[in-house]
Amino acid sequence: MSRSGRAGERRSGTPPGRGAGAAGVRERVEREFAERFGGAPTFVVRAPGRVNLIGEHTDYNDGFVLPIAIDREVRIALRPRGDGRVVLRSLDYDETLVLEPAAVRRTGAGWGEYVKGVAWALREAGLTAAGWEGVMAGDVPRGAGLSSSAAVELAALRAFAAAGGLPWRPLEMARLGQRVENAWIGVASGIMDQTVIAAGRAGHALLIDCRSLAIEPAPLPDGAAVVVLDTGTRRGLVGSAYNDRRRQCEAAARHFGVAALRDVALDGFRERAAGLDPVTHRRARHVVTENDRTLRAADAMRRGDVAGLGRLMDASHASLRDDFQVTNAALDAIVEIARAQPGCHGARMTGAGFGGCAVALVDADAAAAFVAEVGRRYAALTGLRAECYVCQAADGASVEKGPGA
Ligand code: GLA
């Protein structure tokens, strides 16, 4: 999640809601690389966006999440440089960033801060931030709750790792990406986005224990499609509302005398919640019940129980709307519309909330009609244009082209 919501912004190229497709983005970065730097890139790296199926606002409570990496991504074509500098052209912003990894300074907001933050975090961790020149482009919609900024962070980490010959340890890289978000950008986000973007598995969601970072891949049920429903609403400066929620959760954990709300079970919550003020009570109830739903959702996936998974997604949305209070009218409307369509098993907001995207679980053979009808009804009800599309679960960040790749 970005404070300004600007990373990954697309200014030109593909229309919003339609991915350029992996081939399209790769072709663009390679072509531009040849024009700008001459010759072919040594490496092409990629990092996907993500959609969370369930487990929202649980990661920073040491809890459980169940996201997928998606087939929208950020790509960088690059070649190592001998002078130690990084020169990076962003096609989406039509801007070039030049930096000395050993002397980065925060100069404002925008996509370049994520790359600078990565150079800083690598060096702070005692790792080499080698120089390289490259071209970056992507098709992850920005500020939509699909983690466009974490995709930029992980793509940049992948680029530095390739250029400097660093071993790629996904969970270590995920932690560095989170450090960029927390310490360089200033948003106290959890570890979900970076973990699934670093370690995602095609065709699977990842059940992530955000305390231990233990990961269990859970296969997407056969015959079911994951549909992203982008409401077209965006809320800038999500950071402050997000950080407020986080503080409320920490206050609730103190009330229960535990390290994090992950340590409060449903029974314990019922027995000991008296004494919490009404707002903190609601926030904690969301987290405690959402952890329980997420574990049950992973179980439903193991059993191939699409209907059960859908019901848990519906309950998650209600809890985010009523208890955690991070939906908006557009998200509530699109979720209601989605659920009323044939073949829809469940729908909920996804990501930090306050605007952006919902996600629905739909019978694959009903998905095309679902997408058309949700868009039509949403426009009729709200006057807004939704971008709805089926997405595939993709692999995490990788080197696509390079010596040995
Ligand atoms: C944003 C944050 C994540 C997570 C979600 C809410 O995406 O970056 O760490 O907290 O919100 O589940």
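Modeller: Gladly! A residue is near a molecule if one of its heavy atoms lies within 4 Å of it. In this predicted model, 13 residues surround the ligand. The closest are Glu56, His57, Asp59, Asp193 and Tyr242.

Colleague: Which kinds of residue make up the shell, and which domains do they come from?

Modeller: The shell divides into five nonpolar, four polar and four charged residues. Domain 1 (21-219) and domain 2 (224-391) each supply at least three residues.

Colleague: Does Glu56 have a protein partner too, or what else touches its side chain?

Modeller: The side chain of Arg348 makes a polar contact of 2.7 Å with the side chain of Glu56. Arg348 sits in strand β10 (residues 344-349).

Colleague: Why is Arg348 called buried?

Modeller: Buried means under 20% relative accessible area. Arg348 has 0%, so Arg348 is buried.

Colleague: How many aromatic pairs are there, and why is the pair of Phe33 and Phe37 called tilted?

Modeller: There are six aromatic pairs. Planes under 30 degrees apart count as stacked, over 60 as edge-to-face and the rest as tilted. The planes of Phe33 and Phe37 stand at 45°, with ring centres 5.1 Å apart, so this pair is tilted. The two are four residues apart in helix α1 (residues 22-37), which means about one helical turn separates them. Both Phe33 and Phe37 are buried.

Colleague: What makes the pair of Tyr60 and Tyr242 edge-to-face?

Modeller: Their planes are 65° apart, and over 60 degrees counts as edge-to-face. The centres are 5.3 Å apart. This pair links distant parts of the chain, 182 residues apart: Tyr60 is in the loop between β1 (43-52) and β2 (64-65), and Tyr242 is in helix α6 (residues 238-256).

Colleague: Why do Tyr60 and Tyr242 count as buried?

Modeller: The same cut-off of under 20% applies. Tyr60 has 9% relative accessibility, so Tyr60 counts as buried. Tyr242 has a relative accessible area of 5%, so Tyr242 is buried as well.

How values were computed. Residues numbered from 1 in each chain as written. Predicted model: local features only at pLDDT ≥ 70, side-chain atom pairs only at ≥ 80, totals over all residues. Heavy atoms only, no water. Nonpolar A, V, L, I, M, F, W, Y, C, P; charged D, E, K, R; others polar. Domains from an automatic or database assignment. Phe/Tyr/Trp six-rings, centres within 6.5 Å; stacked < 30°, edge-to-face > 60°. Buried < 20%, exposed > 50% of the residue type's maximum accessible area, 1.4 Å probe, protein only. Polar contact = N/O pair within 3.5 Å; in protein donor to acceptor, adjacent residues only side chain to side chain.
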